[in-house]
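Here's a quick briefing to read with the structure open beside you. Have a look at the fold first, then work through the notes.

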Amino acid sequence: MWNQWRFDLADEIVAPGLVFRGSLGVHLEGREALKSYMHLVRAAFPDSHNRIDQLVSEVDTVVARLTYSGTHAGAFQGIPPTQRRIEYAGVAIFRVESSLIHSGWVLGDPYGLRRQLGAE
């Protein structure tokens with residue numbers, strides 16, 4: 001969904017009442033709010049890529065160890081575009097029920113990201 005900017009997939013795999021928290025200061029509720037957040041990330045990092053390094057699934061929980069990368073081509077958290085290539089590690093934890101993602105909690109390294117953008 002994220003790597004190909006497939007906003008339409010959110011309607012298929014994300015519950016309407018999704019609760020999502022991210023280490024970039026994001027706390028949102030609802031499928032449409034997630035799509036809006038995806039648009040913000042895409043504007044800042046249009047070539048963003050989430051590489052799955054490890055995937056663990058147990059009952060109703062899926063955990064992914066990820067590497068995020070992209071080029072800073074648009075404003076992000078008040079930082080004007082730098083055209084710098086960034087890469088940082090993170091973990092995403094999802095609760096899945098009836099084949100839909102009901103919650104997501106993404107933990108990354110926001111300080112490392114800001115440092116790569118020259119903001120720290």
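Predicted model: local features only at pLDDT ≥ 70, side-chain atom pairs only at ≥ 80, totals over all residues.

Strand β1 pairs with both β6 and β2, serine 69 is buried, and the largest pocket has a lining with no charged residues.

**Strand pairing around β1**
- Strand β1 covers residues 14-22 and runs parallel to β6, residues 100-107, with five bridges between the two.
- Within that pairing, valine 19 has serine 103 of β6 as its bridge partner.
- With β2, residues 26-29, β1 pairs the antiparallel way, through four bridges.
- Across from glycine 22 you'll find valine 26 of β2.
- Three residues separate β1 and β2 in their hairpin, and glycine 25 in the turn has a positive phi of about 85°.

**Serine 69**
- You'll find serine 69 in strand β4, which spans residues 61-71.
- Its relative accessible area is 11%, which is under 20%, so serine 69 counts as buried.
- Setting aside neighbours within four places in sequence, serine 69 is in contact with Asp47, Ser48, His49, Arg85, Ile86 and Glu87.

**The largest pocket**
- The largest pocket has a volume of about 820 Å³.
- Its lining takes in 35 residues, and Trp2, Asn50, Leu66, Tyr68 and Phe94 are the closest to the centre.
- Two or more lining residues come from each of β1, α2 (31-44), β3 (49-58), β4, β5 (85-97) and β6.
- By type, the lining of the largest pocket has 27 nonpolar residues, eight polar and no charged.

Notes:
Residues numbered from 1 in each chain as written. Heavy atoms only, no water. Pairing = 2+ DSSP bridges. Buried < 20%, exposed > 50% of the residue type's maximum accessible area, 1.4 Å probe, protein only. Contact = heavy atoms within 4.5 Å. 1 Å grid on protein atoms, 1.4 Å probe; cavity = no way out; pocket = protein on both sides within 12 Å on 5 of 7 lines; lining within 4 Å. Points joined across faces, edges and corners; volume = space filled by probe spheres on them. Nonpolar A, V, L, I, M, F, W, Y, C, P; charged D, E, K, R; others polar.
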